[in-house]
Structure formats: structure tokens, C-alpha cells
Amino acid sequence: MKPRLVLVGLGHGQLEILDRIDELRTSYDVVYIGGKDAIYTGAFPQVIAKELDYATVHLREGIEPVASRLVSLDPIRRVVITEAGEVSYDVLVLATGAVSRGLGMAVKPMTKEGVHRIEASDAVTIVGGGKAGVELAFACIRTKRHVTLYAPDVLPDLPARVRRKMKRRLVKSGVTLVLRKYKKDACHDGLVLDTSGVVPDVWWEAAGLANADAFIETDRNLRHIDYENIFITGDMASRLNGGVDAVRSGRHVVRYLLGDRRPFRKRASLNIMLTLPGHALLTYRKWTWHGRLPYDLKRFIDQRYLKRFGQ
Ligand SMILES: Cc1cc2nc3c(=O)[nH]c(=O)nc-3n(C[C@H](O)[C@H](O)[C@H](O)COP(=O)(O)OP(=O)(O)OC[C@H]3O[C@@H](n4cnc5c(N)ncnc54)[C@H](O)[C@@H]3O)c2cc1C
């Protein structure tokens, strides 16, 4: 009998794993738990900016989820508890992502309904001045009456001259920049969007996968440090960061499951965020480039991704 491989969540890494399901099925009895679609976060700001019609990615044809949600997990008994009952596993791959802090409407995980809510609001208050918050502010100001961005600083990881330029561009575009921390009872206009970063989901600690308020520790192969039959991908893993890492983690796990034992290698990721119409800011470590070419490159990458998983 083949070992049972249970895949949970339609995160970026899981899409890569599911893409090779035919090869996996030769060695495993593969079972999937999760939704039939998800939002590709790299592209949904372009939907808000009316540059793309959709940012939804779909579960591959020919795969039927046995349940739609992991409710909890018992790594000792090796069972996933779902809304439809218990599912046992020999090997488990988790790709359920981390969650927003709860300072407003969660952008993680983003949903189709969430995208519609943002589209339907004529004013938004964005909390957090990292790449996600700044990109959303630039996207929202193209179609909304009023956009406020609350952040003690804008793009704090980037050089001071780039931060100054981006702040000027935000203000010139019409964004109201409030350079302080947002408090839950602070004045705000319209829908509040929480882009202040992600935090661990509560069930990780309850299942014994992580300490309180901590991301999940893995070895160099992305296996849980205590439970070697559990692989952790994407934002859940303490050693990974961002969507590019999430994709790479899925590619690593599927290769490992198919017999390639080379360890996961962490790399600095190239990041490109939408800014003014026809422009984007590319960042690689401390190196940045703002202009039309990064925009064209981003459009190419995102359209290729959506062609692969969005149809
Ligand atoms: C506005 C914005 C723009 C961004 N742009 C970029 C970018 O350009 N480049 C970049 O590298 N990163 C970007 N990021 C970060 C990137 O989105 C995340 O790092 C990435 O989504 C992490 O992927 P993941 O696979 O961990 O999980 P996620 O993408 O969070 O997916 C998890 C999936 O699991 C599902 N799920 C959750 N809980 C359960 C459960 N209990 N049972 C079953 N299913 C469940 C969710 O519904 C979701 O479909 C951006 C983030 C935001 C907010």
C-alpha cells in the first residue's frame, strides 16, 4: 500500500506541488484538503487598480478536496481534523499561510469577497507602510475618492532616498499620509485594510507545531523540527518570507517527496511593486529601480503566473 500524502491549503507552494500530482501519485495516495480557489496576492492590487480583470487561481482539474478546511491537527495520532471529520496521513504538507493582525479587514488570506469589498469602497484607510501597504495605496488612489495610509515609516527596509521619493509620490498621487502608528480607535475614512504584516494562526500552537506567537521552525528540508513527516511551506515557516519564497518552498518539497534530497537554499528575492500608472519599484536586497521596465517585468511575471494557475 502507498503511503498517504495529505496536502492542506491552496497556498502558493501547494500550487507548485499540485502541479506535479501525477508524478506524486506514482508513489503516494494523494489527498487534498482546502478551497478550490485562492487569490494570487502578487496581482490583486492590479485588479483594484483596474489593470487586471482577475487575480484568482484555481485548484487543478481532476482533484476533489476531501474537506475544505483544516480545523486542527494532531501530529501524534497523525490526523488532520476537518469540518468533514478526521483525515489520517503518513506525510503532511501544510500551505495554509499566516494571518493578518486584525487591525481592520484582513488582507491575509485574501478572498474573492475581500477583493470585491475593496473594489466597492470609495474610501480606504490602509494600516502599515511596508511593500504591501504602499502598493495597495498606489493601487487604490487610482479609483477611490480618498485613501489614507497610516505608517510610522514608509518602506523602512529601503534606503532613505528611496523612502523619501516614494512618500512624495504617494502624497502627489493624492494619498493622505499619516506618519504614525494606527490605533484601533483612531479616526479613519472608509474601509480599514490591515497590511501591518502577518502573525501566526492560533491552531499552530494548539497543535504543538509552534510556541505561542511564533512561526514554525523547520530543518533545511522544510520538515518540522519535531515531526519529520510534516512539511511547512510559505509564510508559516520561520525561515521563509514572502510569496517568492512560498513558491520556491513548494518546488523544494515536491522535489524532496519525489526523491531529490538536496536541501532548501535560501535566496534573496527580487520584489516588484506597482506604483504610479505604468511604473513599478523593483527591489533586490538594498538595490532599487523605479520605472517602466520593472512595471513591464512585473506584468509579464504576473500574467504568466495567472495563465498557469488562473484558468
Ligand atoms: C497586498 C500584498 C501584496 C503582496 N505582494 C507580494 C509580491 O509582489 N511578492 C511577494 O513575494 N510577496 C508578496 N506578498 C506576500 C505574499 O502574499 C505571501 O508571502 C504569500 O501569499 C504567502 O503564501 P503562502 O503559500 O504561505 O499562503 P497564502 O498565500 O496565504 O495561502 C494560504 C491559503 O490557505 C488557505 N487556508 C488558510 N487556512 C486554511 C485552513 N485552516 N484550511 C484550509 N485552507 C486554509 C487560505 O484560504 C489560502 O488560500 C504580498 C502580500 C500582500 C498582502
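## Nonpolar surface patch

Helix 9 gives the largest share of the nonpolar patch, four residues, in what is a predicted model, where local features need pLDDT of at least 70, side-chain atom pairs count only at pLDDT 80 or more, and totals for chains, interfaces and linings use all residues. Residues are numbered from 1 along each chain as its sequence is written, and side-chain values use heavy atoms, with hydrogens and water left out.

The patch on the surface is formed by L270, Y284, W287, W289, L293, L297, F300 and I301, with about 770 Å² of accessible area together (Shrake-Rupley method, 1.4 Å probe, only the protein chains shown counting as cover for residues). Strand 19 (287–291) and helix 9 (292–309) are the elements that give two or more residues to this patch. I301 has its place in helix 9 and counts as partly exposed because its relative accessibility is 31% (buried means under 20%, exposed over 50%, partly exposed in between).

## Y305 in helix 9

Y305 also lies in helix 9, but Y305 counts as buried because its relative accessibility is 11%. Not counting residues up to four places away in sequence, Y305 touches H12, L15, E16, Y40, V57, V247 and G310 (contact means heavy atoms within 4.5 Å). The C-alpha atoms of Y305 and V57 are separated by 8.9 Å, although these residues are 248 residues apart along the chain.

## K144 in a loop

In the loop between helix 5 (131–140) and strand 12 (146–150) is K144, whose side chain reaches the backbone oxygen of S121 at 2.9 Å. Leaving aside neighbours within four places in sequence, the residues in contact with K144 are I48, I118, E119, S121, D122, A123 and V124.

Conventions
Patch = residues over 30% accessible without salt bridge, like charges linked within 9 Å, V, L, I, M, F, W, Y side chains within 5 Å. Salt bridge = Lys/Arg side-chain N within 4 Å of Asp/Glu carboxyl O. Buried < 20%, exposed > 50% of the residue type's maximum accessible area, 1.4 Å probe, protein only. Polar contact = N/O pair within 3.5 Å; in protein donor to acceptor, adjacent residues only side chain to side chain.
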